[in-house]
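These exercises go through one protein model step by step. Try each task before reading its solution.

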Amino acid sequence: MNTEFEMIAKTFMGLEPVLAKELTELGANDVTIGRRMVSFRGDKEMMYRANFQLHTAIKVLKPISHFKARSADDVYEEVKKTDWSQYIDNDKTFAVDSVVFSEEFRHSKFVSYKVKDAIVDQFREKTGKRPNISVTNPDIRLNMHIAEDQCTLSLDSSGESLHRRGYRQESVEAPLNEVLAAGMILLSGWQADCDFIDPMCGSGTLLIEAALIARNISPGVFRKEYAFEKWPDFDQELFDSIYNDDSQEREFNHHIYGYDVDVKAVNTAIINVKAAGLSKDISVSEQDFKDFKQPAQKAIIMTNPPYGERISTPDLIGTYRMIGERLKHEFKNNEAWVLSYRQECFDAIALKPSIKIPLYNGSLECELRKYQMFEGKMREFRSEGGIVKTDEEKRAMAEKHRFKKNRDFKRRLDEEEENEEGDIRTFKFHSFEKNFRGELRPRHERIERRDGRDRDERSDRWQDRDNRRSDRTFNKDNRRSDRSYDRRRSRDNDDE
């Protein structure tokens, strides 16, 4: 019987409910929402799946010690109480990342040094030798979190942030974070039941994340490695079975369209789409949003226009005025979602949103706004049974914080790290069932796994899995570089 243990999945502020829903559907137990994190319980398979399959997690941590400390000496003594030989070998390297919110502990690097010293001293006292530190590519990664005197020391099972999927070959200026893009799509409730359009697609992040969600493809298929692969108890056979299982993937009967006025961005997006093996599902072409025309089929628009911060346009307000005009006249009877930062930009759109969702893009406190488009006047639309704002959206709006009227739009959060690597602050735990949407399963209820379709039906998309499994086992380095390449190649063979 597999033993369950505590885990913490970190995410962007505002995406906690979405991540909680993903974890519940994955079969995690005791799912509880916190601040920029979701705690849960599961076994080793759940930890592997959380890293491999979650769209909105930044990291997955495995706490190994909880304690109170009021001084650096307390931290040192408490860390030494753990038997580190079960996690680190003398011939392995390790690194410590510390996150501190405390009056007593003001410097995270100093805390990291104390944790490192405690571990090294324990090895030296027991064996006469010590493991080495590696900042760039350690074998074992540790995470120390301190909120006042409450300390949590965890193993970092992910390594490099999970937003780094591996499909992005080239980029444009200020690209959208992959985890944020996936979160936006999941927040919209899009069920892959219509076309998806990003008229200002940049490097194509929203397009690719939409295709992964539509086909239920695990975002981890492009990753070269995870930190847990270097753990002493790593189960290669278990992870291979998770990686090679595509039984939950599904068909997508609509299409995803990306447009951009910048030909360089278009070419970049095409390269990234090709690298992800999704060229059959995504089309990218050069087009100015001002030339956008009413789609022939039902569609959803989701876009992340310039904010005037890292990137801008000669007439920023005019750009948003144009967006509003296009949506009003050329996107009737559909819904649009716009992520932006400045209140005056939203004002220029001149449309009434049905929901506003606060989200962070890096250190910028943005909003994702939904616009329900319709023909004629709102009174006529409602009289015919049209819904501008659902009851659920009304409840959600009542809970959201509005933009401040006199807000300083140049303000930045005073944080040591980017939000994507943000920290778990002190928070009050809330019941997952009470605060998330009503349709969600109880947190203790495991999702019933569907039987996969005959894999022979998919042989035209995927190469022989047994051969790839043996190739990955034969050469570890080649396995990491080849496993995502094989998937991309098998998809793109269909396009040629």
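**Exercise 1.** In this predicted model, find which strands helix H4 lies across, and the angle at which it runs to S5.

Solution. Step one: locate helix H4 at residues 108-127. Step two: list the strands it lies across, which are S5, S6, strand S7 (140-147) and strand S8 (150-156). Step three: take the direction relative to S5, which is about 140°.

**Exercise 2.** Work out the strand order of the open sheet of eight strands and name its edge strands.

Solution. Step one: the order is S2-S3-S1-S4-S8-S7-S5-S6, and the pairing is mixed. Step two: strand S2 (29-33) and strand S6 (132-133) are the edge strands, since each pairs on one side only. Step three: look at how S6 is attached. Strand S5 (residues 93-101) runs parallel to S6, and two bridges join them. Thr93 has Asn132 in S6 as its bridge partner.

**Exercise 3.** Determine how many residues of helix H2 are buried, and what covers them.

Solution. Step one: H2 spans residues 44-53, and seven of its ten residues are buried. Step two: the buried ones are Met46, Met47, Tyr48, Arg49, Ala50, Asn51 and Phe52. Step three: the cover includes strand S1 (5-10), helix H1 (16-26), strand S3 (37-42), strand S4 (59-68) and helix H7 (236-243). Step four: at the start of H2, a side-chain oxygen of Asp43 comes to within 3.2 Å of the backbone nitrogen of Glu45.

**Exercise 4.** Decide whether Ala57 is buried or exposed, and name residues that it touches.

Solution. Step one: Ala57 sits in the loop between H2 and S4. Step two: its relative accessible area is 0%. The cut-off for buried is under 20%, so Ala57 is buried. Step three: setting aside residues up to four places away in sequence, Ala57 touches Ala9, Lys10, Leu19, Leu162 and Val179. Step four: Ser158 is 101 residues away along the chain, with 9.9 Å between its C-alpha atom and that of Ala57.

**Exercise 5.** Find which side chain makes a polar contact with that of Ser340.

Solution. Step one: Ser340 belongs to strand S13 (residues 335-340). Step two: with 0% relative accessibility, Ser340 counts as buried. Step three: its side chain is joined to that of Tyr320 by a polar contact of 2.6 Å. Step four: beyond neighbours within four places in sequence, the contacts of Ser340 include Tyr307, Cys345, Phe346, Cys366 and Glu367.

**Exercise 6.** Where is the pLDDT below 50?

Solution. Step one: the protein averages a pLDDT of 80, and 74% of the residues score at least 70. Step two: the pLDDT is below 50 over residues 401-481.

Definitions and conventions. Residues are numbered from 1 along each chain as its sequence is written. Side-chain values use heavy atoms; hydrogens and water are left out. pLDDT is the predictor's confidence in each residue, from 0 to 100. Contact means heavy atoms within 4.5 Å. Buried means under 20% relative accessible area, exposed over 50%, partly exposed in between (1.4 Å probe, protein chains only). Helices (H or I, at least four residues) and strands (E, at least two) are DSSP runs, numbered from the N terminus. A polar contact is a pair of N or O atoms within 3.5 Å; within protein, one must be able to donate a hydrogen and the other to accept it, and residues adjacent in sequence count only if both atoms are side-chain atoms. Two strands pair if DSSP finds at least two bridges between them. Axes are lines fitted to C-alpha atoms, for helices over the stretch in contact, and angles run from 0 to 180 degrees between N-to-C directions.
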